[in-house]
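Thanks for asking me to look this one over. Here are my notes, point by point, to read with the model open beside you.

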Amino acid sequence: MNTREFFLIAEIKSTVNTEGYLRLSSISDFSERFSTLDFVFIDVFGDKRKFFVEGFYFSGKHPVIKFKNFDSIEDVEFLIDKKIFGDRENLAETGENEFIVNDLIGADVYYGVEFFGKLKEIESYPGNDVFVVEKPDGNEILVPSVKEFIERVDLENKRIYLNPGKDLNYDEV
């Protein structure tokens, strides 16, 4: 039984050159941490396979990666649109006031002291991440994951407190 816990960290978007380098679309703020990873996991044929990182750099804002023993476009074409995962054991350690976003999924969300809903998922956008909060009535609300809206995060009790002084001015989806 595989008990390893995986976290989505990027998606492979395209080839970059003839040597097998791949352009990634990073999930959240993980891009810089690729340079510290020896390996990642890619879902291939329904199973997470380990790929060893041989090279990494940025092309503008886009992370670019090369895997060991994958040295041509032909070697890597099957990886286009695949998702890249890290596992908890090998992800870079988080600093103070940092956390792995997957640790927040399922957290209770409060608007001030009032229960607002549960964090269903976190979506990444170029400007910032967005919390998808499922309200008790089943409707979903999108909340920007920025200091202006998030008062504090209590990882120990798995709770997120929204800023009660900030009008969410939301449309339910």
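**Notes on the fold and its side chains**

1. A word on the basis of these notes. This is a predicted model, in which local features need pLDDT of at least 70, side-chain atom pairs count only at pLDDT 80 or more, and totals for chains, interfaces and linings use all residues. Residues are numbered from 1 along each chain as its sequence is written, and side-chain values use heavy atoms, with hydrogens and water left out.

2. Start with the barrel. In the order β1-β2-β5-β4-β3-β6, 6 strands close into a barrel with antiparallel pairing. Neighbouring strands of this sheet are turned against each other by 45 degrees on average, direction ignored; the axes behind such angles are lines fitted to C-alpha atoms (for helices over the stretch in contact), and angles run from 0 to 180 degrees between N-to-C directions. Strands here (E, at least two residues) and helices (H or I, at least four) are DSSP runs numbered from the N terminus, and two strands pair if DSSP finds at least two bridges between them. As a reminder, strands of a sheet pair through backbone hydrogen bonds, either parallel or antiparallel.

3. On one side, strand β2 (residues 22-26) runs antiparallel to β5 and is joined to it by 2 bridges; Leu-22 has Ile-65 as its bridge partner in β5.

4. Ile-42 stands opposite Ile-84 in β6.

5. Now the aromatics. The whole structure holds 10 aromatic pairs; rings of Phe, Tyr and Trp (its six-membered ring) pair if their centres lie within 6.5 Å, and planes under 30 degrees apart count as stacked, over 60 as edge-to-face and the rest as tilted. One of them joins Tyr-110 and Phe-115 edge-to-face, at 5.7 Å centre to centre with 75 degrees between the planes. Phe-115 counts as partly exposed because its relative accessibility is 35%. Tyr-110 also pairs with Tyr-161, this time stacked, at 5.4 Å centre to centre and 20 degrees between the planes. That pair links distant parts of the chain, with Tyr-110 in strand β7 (residues 108-111) and Tyr-161 in strand β12 (residues 159-162), 51 residues apart. Both tyrosines, Tyr-110 and Tyr-161, are buried. Separately, Phe-51, Phe-67, Phe-70 and Phe-78 form one aromatic cluster.

6. Which lysines sit over rings? Lys-48 lies over the face of Phe-85, at 4.4 Å from the ring centre, and the charged end of Lys-50 sits over the ring of Phe-39, 4.2 Å from its centre. The criterion is NZ of Lys or CZ of Arg within 6 Å of the ring centre and within 35 degrees of the ring normal.

7. Asp-108 deserves a look. This residue is found in strand β7 and counts as buried because its relative accessibility is 18%. The side chain of Asp-108 makes a polar contact with the side chain of Lys-118 at 2.5 Å (a pair of N or O atoms within 3.5 Å; within protein, one must be able to donate a hydrogen and the other to accept it, and residues adjacent in sequence count only if both atoms are side-chain atoms). Leaving aside neighbours within four places in sequence, Asp-108 is in contact (heavy atoms within 4.5 Å) with residues including Phe-115, Lys-158 and Ile-160.

8. Finally, two backbone spots to check. Asn-69 has a positive phi of about 70 degrees although it is not a glycine; Asn-69 lies in the loop between β5 and α1 (73-76) and is exposed, with a relative accessible area of 60%. Lys-158 likewise is not a glycine, yet has a positive phi of about 55 degrees. Lys-158 lies in the loop between β11 (150-154) and β12, and at 34% relative accessibility counts as partly exposed.

Methods
Buried means under 20% relative accessible area, exposed over 50%, partly exposed in between (1.4 Å probe, protein chains only).
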